[in-house]
Amino acid sequence: CRIPVELHHRRGLTSLMMVRHAHLALATLLVAALAPAAANGPLNFPFPRLNGEMRGPGGLSLPRFGSPSELNLRKNEIMATVAKASVAVKASLDLEKYPKLFAAGGFCAAITHFVTVPIDVVKTRLQVNPGEFSSLGDGISKIYKTSGVPGLFTGVTPTTIGFMLQGSLKYGFYEFFKDQQRHNMPDKEHGKLSIPQVMLAATGAEILGTTALLPFESARIRAVADPTFAPNMFACLKKLVKTQGIAGIYGGVVPIMCKQIPFTITQFLVFEAATAFLYREFAKRDFSDVGKKFGTGITLGCGLLSGMAAAVVSQPGDTVLSVMNKEKGKSVLSVVRELGGVGLYRGVSARCVHVTSFIVAQFLIYDSIKRLCGIPVAGEAAGKAVRASKRAQASK
């Protein structure tokens with residue numbers, strides 16, 4: 001009668017050992033995945049020495065399976081390591097700020113593009129119908145006379161939704177990618193990013209944002225170029241997909257990337273360089289509370305400069321995109337050859353007004369939200385570095 005009992009007891013021990021082995025294997029995989037990043041990135045902390053003959057990724061020693069007491073001891077060591085990794089991640093990146101930045105980016109982009117839709121309508125009509133209007137004011141006046149307010153706000157739904165998604169991803173991931181690069185830099189560099197690093201962060205963020213924006217932008221341009229194409233955004237998207245397939249909404253991916261990536265790189269590079277310069281100059285002249293006294297003025301002036309530069313740099317891509325959405329079947333190169341150098345800058349004055357107005361408004365809203373949330377705005381770190389340097393020199 002005792003044999004079945006012993007057999008049952010052995011089976012119980014075997015099941016227990018299998019569970020412990022499974023827990024240990026899972027913990028080992030977690031540490032093996034975190035080890036390379038921890039050893040080479042911002043997560044520099046000492047891993048416990050684990051005696052064993054096997055080695056995993058990053059040269060991490062993996063434990064041998066042993067008795068239950070040894071397994072428990074090693075499992076506790078590994079779980080302690082995982083806990084340290086989690087703490088190190090939270091210490092290296094302020095994860096609580098990113099939802100605020102994503103929300104701020106989406107809000108400022110949606111509001112500003114909504115308000116400037118009439119300007120964008122005139123700009124698009126000038127690109128696809130050359131000579132239709134003599135100026136921005138003439139375009140607004142003629143559209144209002146013929147179509148009223150609805151005509152000036154053609155495509156407002158895809159514009160607002162598309163740029164809400166695009167702005168959220170663009171601003172949020174731009175800040176995230178910059179922080180990631182700073183935390184991976186040696187301490188001696190004090191977290192100062194180079195121009196290529198800023199360009200890389202802006203490019204990655206814009207690719208994500210544009211991927212979300214493109215279907216809505218295709219619907220907007222088609223609605224403005226041909227108001228009779230569909231009665232609303234959803235019908236427009238459905239018809240584009242039905243008649244042209246996925247190319248109907250993502251066919252302009254090349255020109256829109258050629259437009260948006262240079263735009264975003266220029267926007268952030270110029271704005272951050274200008275704000276850093278002004279905050280440094282104020283700090284050199286011993287101005288106090290620069291952000292409170294001059295923050296709005298700095299954001300306004302640097303936003304104007306940033307918007308104008310971004311509009312000029314990205315104008316060719318914007319013109320090509322508009323023509324391709326109106327005249328299906330044309331390639332980027334064929335449109336460029338047809339338009340020529342001058343044609344690529346068709347409607348540039350209207351676009352400068354449009355882009356500069358919403359870029360200034362975006363930065364004003366974005367910086368205001370960052371200040372309300374206690375997040376430093378662009379340029380403030382440069383001013384703090386100058387003041388810290390002056391204090392260090394004075395103490396010697």
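Select phenylalanine 114 to begin: at 41% relative accessibility, phenylalanine 114 counts as partly exposed, because that label covers everything between buried (under 20% relative accessible area) and exposed (over 50%), using a 1.4 Å probe and protein chains only. Before you click on, note that this is a predicted model, where local features need pLDDT of at least 70, side-chain atom pairs count only at pLDDT 80 or more, and totals for chains, interfaces and linings use all residues. Residues are numbered from 1 along each chain as its sequence is written, and side-chain values use heavy atoms, leaving out hydrogens and water.

**Aromatic rings**

How many aromatic pairs does the structure hold? There are 16. Rings of Phe, Tyr and Trp (its six-membered ring) pair if their centres lie within 6.5 Å; planes under 30 degrees apart are stacked, over 60 edge-to-face, and the rest tilted. Phenylalanine 114 lies in helix H3 (residues 97-115), while phenylalanine 153 is in the loop between helix H5 (136-152) and helix H6 (156-183), so the pair ties together parts 39 residues apart in sequence. Helices here are DSSP runs (H or I, at least four residues), numbered from the N terminus. Phenylalanine 153 is partly exposed too, with a relative accessible area of 26%.

Next, pick phenylalanine 173 and phenylalanine 176. Their ring centres are 6.5 Å apart with planes at 85°, so this pair is edge-to-face. Both lie in helix H6, 3 residues apart, about one turn of the helix.

**Charges over a ring**

Go to phenylalanine 229. The charged end of arginine 222 sits over this ring, 4.1 Å from its centre. Lysine 239 also lies over the face of phenylalanine 229, at 4.5 Å from the ring centre. A charge counts as over a ring if NZ of Lys or CZ of Arg is within 6 Å of the ring centre and within 35 degrees of the ring normal.

**Salt bridges**

There are 16 salt bridges in the structure, each a side-chain nitrogen of Lys or Arg within 4 Å of a carboxyl oxygen of Asp or Glu. Select arginine 220 and aspartate 120: they form one, with the closest N and O atoms 3.0 Å apart. Arginine 220 lies in helix H7 (residues 195-225) and aspartate 120 in helix H4 (residues 117-128), so the bridge ties together parts 100 residues apart in sequence. Are these two buried or exposed? Arginine 220 is buried at 2%, and aspartate 120 is buried at 6%.

Then try glutamate 272 and lysine 178, whose side chains meet in a salt bridge (2.8 Å, N to O). Glutamate 272 is in helix H10 and lysine 178 in helix H6, 94 residues apart. Glutamate 272 and lysine 178 are both buried.

**Last stop**

Finish at threonine 266, in helix H10 (residues 253-284). Threonine 266 counts as buried, at 13% relative accessibility. What does threonine 266 touch, not counting residues up to four places away in sequence? Show Phe271, Ser306, Ala309, Ala310 and Val313; contact means heavy atoms within 4.5 Å.

Technical notes
Helix = DSSP H or I, 4+ residues; strand = E, 2+ residues; numbered from the N terminus.
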